[in-house]
Number of protein chains: 2
Amino acid sequence: MRRSPFFEATVEDGVVSFSPYNHMLMPTGYGDPQAEYERLVNGVAMWDVSVERQVELKGLDAARLVQVLTPRKLDKLKPNVGWYVPICDHRGTLINDPILLKLSDDCFRLSIADSDMLLWSRAIAAERGFNVQITEPDVSPLAIQGPKAEDVVAALLGEEIRQIRHFHFKSMMLDDIPLMVARSGWSKQGGFELYLMDGSKGYELWQKVKQAGKPFGIGPGNPNPVERVESGLLSWGGDTDDETNPFEVGLERHVDLDAPDDVIGIQALRNIKAEGIKRHQLGLIIDYDGKLSYIDRNSPVMVNGNKVGEVTAHAYSPRLDQNIGLGLISKTCQPGDKVTVVLPEGAKVSAELTALPFNVA
Amino acid sequence: MRRSPFFEATVEDGVVSFSPYNHMLMPTGYGDPQAEYERLVNGVAMWDVSVERQVELKGLDAARLVQVLTPRKLDKLKPNVGWYVPICDHRGTLINDPILLKLSDDCFRLSIADSDMLLWSRAIAAERGFNVQITEPDVSPLAIQGPKAEDVVAALLGEEIRQIRHFHFKSMMLDDIPLMVARSGWSKQGGFELYLMDGSKGYELWQKVKQAGKPFGIGPGNPNPVERVESGLLSWGGDTDDETNPFEVGLERHVDLDAPDDVIGIQALRNIKAEGIKRHQLGLIIDYDGKLSYIDRNSPVMVNGNKVGEVTAHAYSPRLDQNIGLGLISKTCQPGDKVTVVLPEGAKVSAELTALPFNVA
């Protein structure tokens, strides 16, 4: 296990739990889930997301390689912009869903979910004889998320950051701390990610963000398991399994079936599309008074005694005042259908399927 | 994170710590490190090592694929035998060191260390157009290790297991529990690994082993961080970094430079061998009275004020009554040389380099 550059700072600020992710520890709570949710939804939160490791692809064939790695056509991707891209294996199965950051025509970074894209990219590059260097650079994201995030980042780095558009990024110095400042983040509450480019300055950066955020009530948090379910944000490896393709989990808009034939999985994706998918990700609104404490991942979803899918995530939504969930559900079921969820001890609850995201507005 | 089939049983038996490994939790202690070490070295211990995930390669081209994956020549590997094989990337860097089990001419399993060989094997197989199915089967190893391990397994499964030779394995039923029984394990104390072939029977298997082992004083344990340093057993990812080749860490005997030219990394390995390696793994005998509590991984090893390498593991050896360590050290240093190790707070201790394994006999 490697240590986050923000580790000491998060311990000082009262982190109470971690989850392993990309061979590092990701903070998963600071002891007051409700306050952490409130900060994200109504204020501003700062997250150690250094576990979003970076895979850098640099060299003559870097652009060829990234296009081979994703079925999203990249010809319109410009420098200083990041795109959300599905990465599939040769079967068309989703094996990661990173942000692809274009630094220049011959240098890209993948900001990855929890599977080994360093290993995967190196295998593909070497097998295809591409001239590209693939490394994990010293880059660690710190996210600032929530409706007041922009004000905090402006206080920290100047008003110019307000000009940074969604998914664009910009290299900046914060005193002696080198950063890439991106308008992005794994929530629907808006905000920025500061890509720290010098791991020795993690503690310093954390303190500066905390200081700048004080007038706005900033506090520590982490990728929020409630807000992300409400917002229908995909958690790769949580909401997906070893058979999940991008069409099943709402990523169809990021798959270009006319991408070049040498793109990994493109032929499989065309076939899947032609045949039609068997499952789709839907929301579940669970018929239960009060806060349901726990639903097992992979709890069966049933219709008339037949299994039609599985729950992949569950949360009690404060904004909906309802228990909600995400499921991978048979295409025979549609939003509006009534289903039954089998709880860990065999008890059953009714639920209604719904389109995503949930209507929390 | 996935759950081990032995999880409930290990919790019942008092597991106090875990470490993430291959997206699962590996027990790392039951509260009495000294007793756990003693059992392994003088008695018998049972370990939940289900984190040694299995990657199954099956089909017409399975044999071609496994030979491409490792620079160890496999033409003499027979069914029902497992071999320790280095797996390298195209640079000749060690990316895993599994046991390769040959089930039949067209079916193999890799029992892997902590990196994603499912992803790697699939990339290589698909890029080369091999006809092979690559899956993670429902197989979970339970290790029985120590000088009394053979007696326990004989009591459990019959005297015939005494005929199983080192690294050989045999399919057997224990009542209704399907097993592959192998004479192997990540210690130098002798023993067996029971490959459980039905994850729903983990609790039952654990109890049966415990029962059979009772007369021999069996108790729970885990891959032992002290015994493995004494024995010089390689911990991939612990003792290796993103530049380590097999020659540096004592695996030269498992690299055949006359392996076929299409083996991944073979040309790089030939070049490395021709040019000579720059580092080698050596033991460190540390000059310190009493038990040294902690040495950081990557603590510098110095000679005359110059850094010559890093410590990769440290343990207090009860059998040697000495603090010992493993290091990746410059080839300019040899066994017998005196070095200085820099401790976390900057204090320095003297040490002597030594060949591996340590002389604990």
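This report describes the chain-to-chain interface, the salt bridges, the aromatic contacts and some backbone features of the structure above. The model is a predicted one.

## Relation of the two chains

The contact draws 20 residues from chain A and 20 residues from chain B. About 1,700 Å² is buried between chain A and chain B, and carbon and sulfur atoms give 63% of this area. Within the share that chain A buries against chain B, A:Leu119, A:Arg122 and A:Glu127 supply 35%, more than any other three residues.

Four salt bridges are found across the interface of chain A and chain B. One of the salt bridges in the model pairs A:Arg122 with B:Asp242. A:Arg122 belongs to helix α4 (residues 117-127) of chain A, while B:Asp242 lies in the loop between α7 (227-231) and α8 (266-275) of chain B, so the pair joins two chains. A:Arg122 counts as buried, at 13% relative accessibility, whereas B:Asp242 is partly exposed, with a relative accessible area of 37%.

## Salt bridges

Over all chains, the structure holds 56 salt bridges.

| Residue | Partner | N to O distance |
|---|---|---|
| A:Arg228 | A:Asp239 | 2.5 Å |
| A:Asp241 | A:Arg279 | 2.9 Å |

The side chains of A:Arg228 and A:Asp239 meet in a salt bridge. This pair links distant parts of the chain: A:Arg228 is in helix α7 (residues 225-231) of chain A and A:Asp239 is in the loop between α7 and α8 (266-275) of chain A, eleven residues apart. A:Arg228 is buried, with a relative accessible area of 7%, and A:Asp239 is buried, with a value of 0%.

A:Asp241 forms a salt bridge with A:Arg279. A:Asp241 lies in the loop between α7 and α8 of chain A and A:Arg279 in strand β16 (residues 279-286) of chain A, so this pair ties together parts that are 38 residues apart in sequence. A:Asp241 is partly exposed, at 33% relative accessible area.

Elsewhere in chain A, a network of salt bridges links A:Glu150, A:Asp151, A:Glu159, A:Arg162 and A:Arg183.

## Aromatic rings

The count of aromatic pairs over all chains comes to four. One of them is the stacked pair of A:Phe7 and A:Phe18, with 5.8 Å from centre to centre and 25 degrees between the planes. A:Phe7 lies in helix α1 (residues 7-12) of chain A and A:Phe18 in strand β1 (residues 17-21) of chain A, so the pair ties together parts that are eleven residues apart in sequence. A:Phe7 is partly exposed at 21% relative accessibility, and A:Phe18 is partly exposed with a relative accessible area of 32%.

The rings of B:Phe6 and B:Trp206 have their centres 6.1 Å apart and their planes at 40 degrees, so this pair is tilted. B:Phe6 lies in the segment before α1 (7-12) of chain B and B:Trp206 in helix α6 (residues 202-213) of chain B, so the pair ties together parts that are 200 residues apart in sequence. B:Phe6 is buried, with a relative accessible area of 0%, and B:Trp206 counts as buried at 0%.

Charged side chains also sit over rings. The charged end of A:Arg72 is over the ring of A:Trp83, 4.1 Å from its centre. That of A:Lys273 is over the ring of A:Phe247, 5.8 Å from its centre.

## Backbone features

A cis peptide bond joins A:Leu356 and A:Pro357, with omega of about -5 degrees; A:Pro357 is placed in the segment after β21 (348-354) of chain A. In chain B, B:Leu356 and B:Pro357 are likewise joined by a cis peptide bond, with omega of about -5 degrees.

A:Asn80, although not a glycine, has a positive phi of about 70 degrees. A:Asn80 lies in the loop between α3 (62-69) and β5 (81-84) of chain A and is partly exposed at 36% relative accessibility. B:Asn304, also not a glycine, has a positive phi of about 50 degrees. B:Asn304 is found in the loop between β17 (300-303) and β18 (306-317) of chain B and is exposed, with a relative accessible area of 74%.

How values were computed: Residues numbered from 1 in each chain as written. Chains lettered and ligands numbered in written order. Predicted model: local features only at pLDDT ≥ 70, side-chain atom pairs only at ≥ 80, totals over all residues. Heavy atoms only, no water. Phe/Tyr/Trp six-rings, centres within 6.5 Å; stacked < 30°, edge-to-face > 60°. Helix = DSSP H or I, 4+ residues; strand = E, 2+ residues; numbered from the N terminus. Buried < 20%, exposed > 50% of the residue type's maximum accessible area, 1.4 Å probe, protein only. Lys NZ or Arg CZ within 6 Å of the ring centre and 35° of its normal. Contact = heavy atoms within 4.5 Å. Buried area = accessible area lost by both parts, 1.4 Å probe.
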